[in-house]
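Here is a short briefing to read with the model open beside you.

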Amino acid sequence: SGGLVRFNAGGDNGRVGRIPVGIGGRRLRVVVTGGAGFVGSHLVDKLIGRGNDVIVIDNFFTGRKENLVHLFGNPRFELIRHDVVEPILLEVDQIYHLACPASPTNVMGTLNMLGLAKRIGARFLLTSTSEVYGDPLEHPQKETYWGNVNPIGERSCYDEGKRTAETLTMDYHRGAGVEVRIARIFNTYGPRMCLDDGRVVSNFVAQAIRKQPLTVYGDGKQTRSFQFVSDLVNGLASLMDGEHVGPFNLGNPGEFTMLELAQVVKETIDSSATIEYKPNTADDPHMRKPDISKAKELLNWEPKIPLREGLPLMVSDFRNRILNEDEGKGM
Ligand code: NAD
Ligand code: UDP
Ligand code: UDP
């Protein structure tokens, strides 16, 4: 890929930053796999907003056209319905690889996107996950920690799939000289999040809006650290455009028990909401909190939006979608 130009990064508090340009100084051409999903669609907004040409590859497995509909008709935006398990031929400068169902196709999709990057000399970014640390024995988690994953557990397909994807990414880097970047993303929330994929933030917010009890699994003392999606998207772009391979933890170090999260949701949406305890799933990590010193130092990145500021920013989106669903059911 080509050199760097100055630009005004509107999404990053108006700070002046740098974006790469494509070969011959033309506009940078970027692929986002999984761009119709929650994180992907916000990333696409940022890239289009700063003047890149963006091609989304998505098979709408969990993603939705509604997340991108505001870009239809924009000549710098293209949407391809395609399963990344099948090979594809394109000419681009950068590949953000987000497409990932929680299944082995994860590995096939990553292999194809690495093969594409190798053939065309594009830079490849893998969105890996904090799940590579498993049920961690080190706290908070640094990138140097190798993790504690049960290879035969119920959630292993996702964890091990991402671990394999990281391995493939580093093999293509070392063996074929592909320029790669690896992000380990910690729990992220925000508008456009799937309503019903069972994540704790989307569950609690939807339950509070629907006047249902908040379902706390286990004793509710397990912890997670929740990052607002705009912070993540800024981190992904800084990683892609910077000079460091990673892996980098991208997450908000603010750590909450599930009971504390339920309390924040109550304060934000409905103080009369009640809690219902349910059995926890097997192999549920007891605690999770990123050590982000490496990203702070080398990417000059850190999250800006604490949970109490971020949660209200997703509530109106959730209210609208829940209302539309109810109307769809004739309620
Ligand atoms: P999402 O489900 O909203 O987005 C994934 C997108 O990929 C969807 O639009 C889906 O339709 C698409 N997709 C799935 N399989 C595909 C295939 N075979 N071919 C083409 N498209 C396909 O999920 P998200 O939360 O936006 O996650 C994006 C990435 O970030 C994923 O790789 C995920 O593992 C990673 N991640 C997310 C979080 C989080 O908290 N949201 C945490 C850690 C890692
Ligand atoms: N691939 C792709 N688009 C390309 C180049 C490769 O989808 O432009 C796929 C290819 O079909 C293969 C994978 O990426 O399944 C890995 O490609 P690579 O060239 O690294 O491996 P090889 O084909 O030599 O085994
Ligand atoms: N959880 C919960 N209630 C829910 C959904 C999840 O208490 O309705 C818990 C879950 O047991 C886990 C934590 O919230 O301990 C985070 O779960 P999520 O699936 O959101 O993320 P992950 O486990 O992948 O970090």
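Helices (H or I, at least four residues) and strands (E, at least two) are DSSP runs, numbered from the N terminus. This is a predicted model, in which local features need pLDDT of at least 70 and side-chain atom pairs count only at pLDDT 80 or more, while totals for chains, interfaces and linings use all residues. Residues are numbered from 1 along each chain as its sequence is written, and chains are lettered from A and ligands numbered from 1 in the order in which they are written.

**Around ligand 3**
- Strand 10 gives the largest share of this shell, three residues.
- Among the 14 residues around ligand 3, the nearest are Arg 199, Val 200, Asn 203, Thr 215 and Tyr 217 (near: C-beta atom, placed from the backbone, within 6 Å of the molecule or strand).
- Two or more residues each come from helix 4 (200-209) and strand 10 (214-217).

**Around ligand 1**
- This ligand has 29 residues around it, with Gly 34, Gly 37, Val 39, Thr 62 and Gly 63 the closest.
- Helix 1 provides the largest share of the shell, three residues.

**Helix 1 (38-49)**
- Nine of the twelve residues in helix 1 are buried (20 or more other C-beta atoms within 10 Å of its own; exposed means 12 or fewer, partly exposed in between; C-beta atoms are placed from the backbone).
- Phe 38, His 42 and Leu 47 are among the buried residues.
- Gly 51, with a positive phi near 100°, follows helix 1.
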